[in-house]
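Me: Can you walk me through this one? I'd like to start with how the chains touch.
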Amino acid sequence: MSDSNFIRLNERVSAAKRDVEARGETFYPGASRIHLAAFPPKERWDDWVELESRTWPQRSERRYMLVPTTCFNCESACGLLAYVDRDTMGVRKFEGNPEHPGSRGRNCAKGPATINQVTDPDRILSPLKRAGARGEGKWIAATWDEALDDIAARIRRAIVEERENEIMYHVGRPGEDGVTERVLAAWGVDGHNSHTNICSSGGRFGYAAWMGYDRPSPDHANSRVMLLVSSHLEAGHYFNPHAQRVIEGKNGGSKLIVIDVRLSNTATHADYWLPPIPGSEAAVLLAIAQHIISTQRYDREFIRRWWNWEEYLIEERPEEQPAFETFERLLSRMYERYTFEFAERESGIPAATLRAVAEVVASAGTRLSTHTWRSAAAGNLGGWQVSRCLFLLNALLGAVATEGGVYPNAWNKFVPRPIYEPPHPKHWNELTWPQEYPLALNEMSFLLPYLIEDGKRRLEVYFSRVYNPVWTNPNGFAWIDMLTDEAKVGLHVALTPTWSETAFFADYILPMGHASERHDTHSYETHDAQWIGFRQPVLRAARERLGETIHDTREVNPGEVWEENEFWMELSWRIDPDGALGIRKYFESKKRPGTKLGADEYYAHIFEHSVPGLPERAAAEGLQPLEYMRRYGAFEIGRKIGAVHDEPLSNDELAGSEVDALQRVFSDAPAPRGPNVVPQPSPRDPEGRRSVGVVVDGTALRGFPTPSRKLEFYSSTLARWGWREYAVPAYIESHVHPSRLGEDRMVLISTFRLPTQIHTRSANAKWLDEIAHTNPLWIHPDDAMRLGNIATGDLLRVTTESGYFVLRAWVTEGIRPGCVACSHHMGRWRLGETGQRQFSAVVRLDRQGEVWNMERTAGVTPFASADSDTKRIWWTDVGVHQNLTFPVHPDPISGMHCWHQAVTVTRAREGDAYGDISVDAEKARAVYRQWQQLTRPAREHSPDGTRRPYWMLRPLKPLPAVFQLSDPTPHG
Amino acid sequence: MGEVFRALAVLAEPPTVESSSIAHALAIDRAPDARAYTELFMLTLYPYASVYLGADGMLGGEPRDKIAGFWRAIGAVPPQEPDHLAALLGAYASLEDREAEASDPVRRESWSHARRTFLHEHLLSWLPPYLIKISEIAPAYGAWTTLLRDALANAAGCSHVPENVPSHFRDLPALADPRKDGVAAFIASLLAPACSGIILTRPDLRRASHELGLGLRQGERRFALEAMLAQDPPRVLAWLHGETQRWLTLHRASLPIHTAREHWIERTRQTAALLNEVG
């Protein structure tokens, strides 16, 4: 063929491709290796044909409708595509959604396993009401109407009688962005209670202290060096979207440094694995910082412009010349004690190794991506300093909001403004925000049993929402104690798709939907972009594609499973049927006033009014915005958001503003109403004017939402609220520091997770349970030898401050000597036959005074059910529930429960059996009292008579007057 | 020419409903169906460069690593199967695109160099004999084969392709001698095209069994060949020698577009000589 003929042929193919793509269709199909696509082309999602695997080798075709939704397991909000069988109109499987900007069509094992959760033969398909005493295990069927009327009447009575603080909603991972917070706001209730203080608030606090925002958004894919303090490839909310970008970074030549006591999956991929003595992580990071400072590798101009060094000098060194050079000199002196030799003494890692790693970090420049979330920040007293010291490295190198660096999460997240925005409550709930912890970033949720007991308070209605505090929280027996006492909890409503240890102690169990059975919008900081994902009841969307109209998601969900949004709307109407309480108006249709708001209108309003670019994009395909989201499941609002802090303020924003001595810009104009309502800290000046920016080198810039409007190397908040010694990034010796451990004690790492499970939410997924279902104790061979030649499989007793548990050993070199580790997720139990059978053991619970004992009476066995696979269950062991034996360890500053345990490990004693657990509640209470002594309460340390710094993030933020300690309104 | 390569790449994938329109765009009358695809690429001639470039004649190994290394060198993430024919043609199309899109002459030259190297190292090194074999056994892919061969010749003719021996062939071991290395090693290297210079498929062995009146053992080719050799060594060796002569003709008749042609001819000649000695 001649050249000219080839050119013509090439043009012919190009023209054909252009024609097809102009119709919004796909020319080159998936699965194809030419562009790594392995997905059905989107124009064929209405009628996708696959061969039926079960009839192999016969070739029979099945036709599917592909409907997108969002995974509801971890918090990454990855996209899924539900394969809806067009013949049966049932979901056959889930795969990745290639249109999703965060997950890009790729999922971890938990995404496809959603089908197991949907078809779990033990799932709860209709409302249940307890028949006997609470916790007795007797249930009768209830109607939704019966349950709603009962719950609504109690809530209404509490509101009318001004007992708003007796209403509490306790949430695990929300999987949505703010809907329920607005429901509570509409009720006028400060009753939001998150699980975050047993999860990530330690990590969050360190970030918030620097930049106001409490989460980082690292750009791993474009980094030169990645420094991770935890095991990102297998655990953490960022599991899949970040894992794929970590690997992209590695493939691009980025060096990976992992600080982790265990040889985690991530550590196995690392160029440098640093297993430190638990609790010494901040010391290691400070030594790296010291190296950067002493070798003058820091980004001097970035620090001069964006650190609040002026405030530090004014507040802490007023005798010094207020010049940047002064600060540099002091900075150098401040950190000179954090030598590599110091870090070696604390961490046990050789100084030479630390020096080599520090050199790698220093070489990253502005392409240093770092991340920590739980891990050390969640394990140790003062763990919040781990994230503070980690971000110090970014701040030193200027790797903040740079390509390959770390962005504040809120710039890479989009929460669309909703249809209604009820005001924040007029009350302060002491059960969640007690005065002893004025700087706690999140609700002191894990102390609830003690706070109720100590304050002689009660809850009228307690919602546990896809959350399992009896199992997940430390000291679970205290939760059982509280939940079984009707004087303390008037009504416990468990909103859950499946059985849990907490649901056993409920009055009502109300079945909620899985990923394919509920509406939510969700956005996450996966990279430097903003996107929203749409979770939807896929059978509703499928039937609507076929021309049906669905008004209530129960019409299409399995059994009587409902979705939460419609549930909350209906409940709110029943609380305030005539609108007299001012609640109903937030749940009324705008199109048809006086009627109930429906899910379609709720989301149509959001997508039409609050998502920039979506209406235009939808129109280009001849769709309404809601139709577009029902079809594709996700939308990217923007990419390369960049350095928002460096943006100049507009003239409108500057109108009427004033600049103070620290160059902060304040305005008393109302905040502009943008479409993105992502939670923002809200610093103000003493007169109550909003902080809007900061003048840097003569230009008014947006800055960071901190009190100084800059990155806060120096936290005036910590200094003024009684913690001056920790106002700059520093090292706090952990409660498991070697100097505090007795001779026979080891550190137990209990927080690590397995890649195929997600807390208790994935327990009803048979594929995942088959892969991972037990949690032996990781122990190093040296320790195994020292403790009496322990071999893998030997029975051990692990004794904590308040009790013990019995499990088997796994001898491995994958853990630092002197430490033991036991994974999360495992040790699920039930009190009888009722419950989730494939992943829970039957136990006997016994209480003698203050001593609780649990013993396993039966492991998992095969059973007959609608799913023939349950007859093939081959595992009997589901692990041991260690968390019951952990007393609470509230960090006095961040409020985080410090998970690491100082334990003794011995061979099991005669009479011990696998799975035995014993706890002395009095000892657990004594540990709580010891930790309580560490606090610096607001009533003694508040600098301005308030309960908490107003500027800090809070899910529901009561009116400013209610922050006053002297405020007379009800406080709990 | 990128789009032609990309479209040809898609036709080396399992057929889909889009295959017809892509074939039509390429002026190919009829896209191969699923049966033809399975017979050719799944069962007979695996479309992976590593099979034809490696010392073992098997999937993966050093050839795949080298190709993956090329992807990384140009800043791309290697796909899971970087040496699959479709991935290679897609990559070549992308390199053409990048070269065409580069406005800076230095960058354009840099992409051009990368494209030519890729063509030399990872396409022209093995595709000519591979396409010869396809045209022999898969009539359904006849038009596709002709077009791909012409496209490669066109690309080679328009480019200054390096004249050195592709790196895959530099350290290849010699064909194993059954007298010194044993029959198993000899058979393994006969079935490694880069060592023997010839491509022996299962249909070829079936043909041999028919022509020689020998039983054909089920299972992998090496077991089948070993079984035939055990039954009648002189006639099987003679048949193999005949194959080398046939391949010498085929190699010599192929377009002289690339230095790899000499490697294939030389290896085939050495194989013929060895078979002659031991036969």
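Reply: Two residues count as in contact if their C-beta atoms, placed from the backbone, lie within 7 Å. This is a predicted model, where local features need pLDDT of at least 70, side-chain atom pairs count only at pLDDT 80 or more, and totals for chains, interfaces and linings use all residues. Residues are numbered from 1 along each chain as its sequence is written, with chains lettered from A and ligands numbered from 1 in the order in which they are written.

Me: How many residues does the contact take from chain B and from chain A?
Reply: Chain B gives 26 residues and chain A gives 20 residues.

Me: Which element has the largest share on the chain B side?
Reply: That is α1(B), with 6 residues. Helices here are DSSP runs (H or I, at least four residues), strands likewise (E, at least two), numbered from the N terminus.

Me: And how do the residues on that side divide?
Reply: Into 13 nonpolar, 6 polar and 7 charged. Ala, Val, Leu, Ile, Met, Phe, Trp, Tyr, Cys and Pro count as nonpolar, Asp, Glu, Lys and Arg as charged, and the others, Gly among them, as polar.

Me: New topic, sheets. What is the strand order in the open sheet of chain A?
Reply: The order is β12-β11-β10-β13, with parallel pairing; two strands pair if DSSP finds at least two bridges between them.

Me: Which are the edge strands?
Reply: β12 (272-274) and β13 (368-372) of chain A, each pairing on one side only.

Me: How many bridges join β10 and β13 of chain A?
Reply: Strand β10 (residues 225-229) of chain A pairs with β13(A) over 5 bridges. M226(A) sits opposite S369(A) in β13(A).
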